[in-house]
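Here is a short tour of one protein model and its ligand. Have the sequence and the 3D view open as you read.

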Amino acid sequence: MPSTKRPAILLNARRYWSDCVGRSGVFRGSWEFVAALWEFLRDSTPSRLRSRFGDADYDWDYRVNTTSGAVGWRDRLLGVFHSPYQPTERELFYEMMDALAQHTKINFNDFTFIDLGSGKGRTLLMASDYPFRRIVGVELLPSLNEIAQQNLAQYHSDSQKCFAIESVCADATTFPLPDGALVIFLFNPFPESGLRRTIANLENSVDAHPRPVIVIYHNPQLEAVLNETGRLKRIVGTHQYTISRS
Ligand SMILES: C[S@@+](CC[C@H](N)C(=O)[O-])C[C@H]1O[C@@H](n2cnc3c(N)ncnc32)[C@H](O)[C@@H]1O
C-alpha cells in the first residue's frame, strides 16, 4: 500500500538494533549497532559529504537530481537502518542491460521493469531507454520518492522508449508485484531479513500467477540468500552483478 508517512527514526533504530542482536547476540549485536552509527557520523564530515557529489555527472546531463550528495541527514540516518541511498552508475547499468539482452534474448515489450528500493529513480530513467511494457520504482523513504517523481516529470531524452513510468512510496519487501513478466532490479536494498521477505513475496506472487521473472542483482552481497529460493538460475554475472531467471 503506497504511503507518505515519514518513517520514525527511533522505531527504525530499535528494529535495526534488534536485528543486530538477533543475528549476533547482545554484546556483538550492540557493538555492530554502535559501529553503524559511528560510520554514519564519519560519513557526515564535510569531505565525505563533498565526495558524494562525485556521482552527479548524470544529473548535469539530464537536469535531474539523483545524486547521493544531496540527501539530508535524516534520510541518510534512516539509510543506515535499511540501506543508504546510492544511485547505480550509468556505465554499469548499461553493461547490465547489455548482458540482460545478450544472455536472455528477452522481448522488452513483454516485461515490466521494477526497481525494489528505487531511491531518487535514476534506474527508472535509464531503463526507459528500453521498450519495457512498464517501469515501476518502489521506494521506502517518502522524500526520496518525491524527488524521483519530480525527476520522472522533468526528464527528457531523445533515446527514451518507455513512457509508462511511475515511482511509488512503499515497503518493497511486501509490495504487490505487477502482473506479467518481470525484470526485478535490486541494488542491494535490503538486509538479509528484508531480502527473505522479498523472496517470499515473489514466490507467493509467482505461485498465484505463474510468469517469467528475471532478477538483476547489483552488488550481490546476499546472493546466497537469493539462491536459496531454488526457483532462480544464475545465467551471467561478475563481481558487480548477477542476472538470474526463473
Ligand atoms: C542502494 S540504493 C539503490 C537506489 C536505486 N535502486 C539505484 O540503483 O539507483 C537502495 C535504496 O533502497 C531503499 N530501501 C531500503 N529498504 C527499502 C524497503 N524496505 N522498501 C523500499 N525501499 C527500500 C533505500 O531507501 C535506498 O533508496
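L195 sits in helix α9, which covers residues 192-208; helices here are DSSP runs of H or I with at least four residues, strands are runs of E with at least two, and both are numbered from the N terminus. With a relative accessibility of 2%, L195 counts as buried (buried is under 20% relative accessible area, exposed is over 50%, partly exposed is in between, using a 1.4 Å probe and protein chains only). Setting aside neighbours within four places in sequence, L195 is in contact with L186, F190, Y217, L222, V225 and L226, where contact means heavy atoms within 4.5 Å. V183 is twelve residues from L195 in sequence, and their C-alpha atoms are 16 Å apart.

A word on the ground rules: this is a predicted model, so local features need pLDDT of at least 70 and side-chain atom pairs count only at 80 or more, while totals for chains, interfaces and linings use all residues. Residues are numbered from 1 along each chain as its sequence is written, and side-chain values use heavy atoms, with hydrogens and water left out.

## T104 in α6

Over in helix α6 you'll find T104, which is buried at 8% relative accessibility. Its side chain reaches the backbone oxygen of L100 at 2.5 Å. Beyond the neighbours within four places in sequence, T104 is in contact with A99, I214, I235 and R245.

## Aromatic pairs

How many aromatic pairs does a search of the whole structure find? There are twelve, counting rings of Phe, Tyr and Trp (its six-membered ring) whose centres lie within 6.5 Å, with planes under 30 degrees apart called stacked, over 60 edge-to-face and the rest tilted. Y62 and Y155 make a tilted pair, at 5.4 Å centre to centre and 40° between the planes. Y62 is in helix α4 (residues 57-62) and Y155 in the loop between α8 (142-154) and β3 (165-169), so this pair ties together parts 93 residues apart in sequence. Y62 is partly exposed at 21% relative accessibility, whereas Y155 is buried at 8%.

Y94 and Y130 are also a tilted pair, with 6.3 Å between centres and 35° between planes. This one links Y94 in α6 (residues 90-104) to Y130 in the loop between α7 (122-127) and β2 (134-139), 36 residues apart. Y94 counts as partly exposed at 21% relative accessibility, and Y130 is buried at 14% relative accessible area. Both belong to one aromatic cluster formed by F93, Y94, F108, F113, Y130, F132 and F185.

## Helix α8

The 13 residues of α8 reach 18 Å from first C-alpha to last, close to the 18 Å expected at 1.5 Å a residue (the expected span is 1.5 Å times one less than the number of residues). Its buried residues are P142, L144, N145, I147, A148, N151 and L152. Their cover includes α7, β2 and β3.

## Around the ligand

Which of the 25 residues around the ligand come nearest? They are T88, D115, G117, E139 and A172, where being near takes a heavy atom within 4 Å. An N or O atom in the side chain of D115 is 2.7 Å from a nitrogen atom of the ligand. A polar side-chain atom of D171 lies 2.9 Å from a ligand nitrogen, and a backbone N or O atom of A172 lies 2.8 Å from a ligand nitrogen.

Terms used: Polar contact = N/O pair within 3.5 Å; in protein donor to acceptor, adjacent residues only side chain to side chain.
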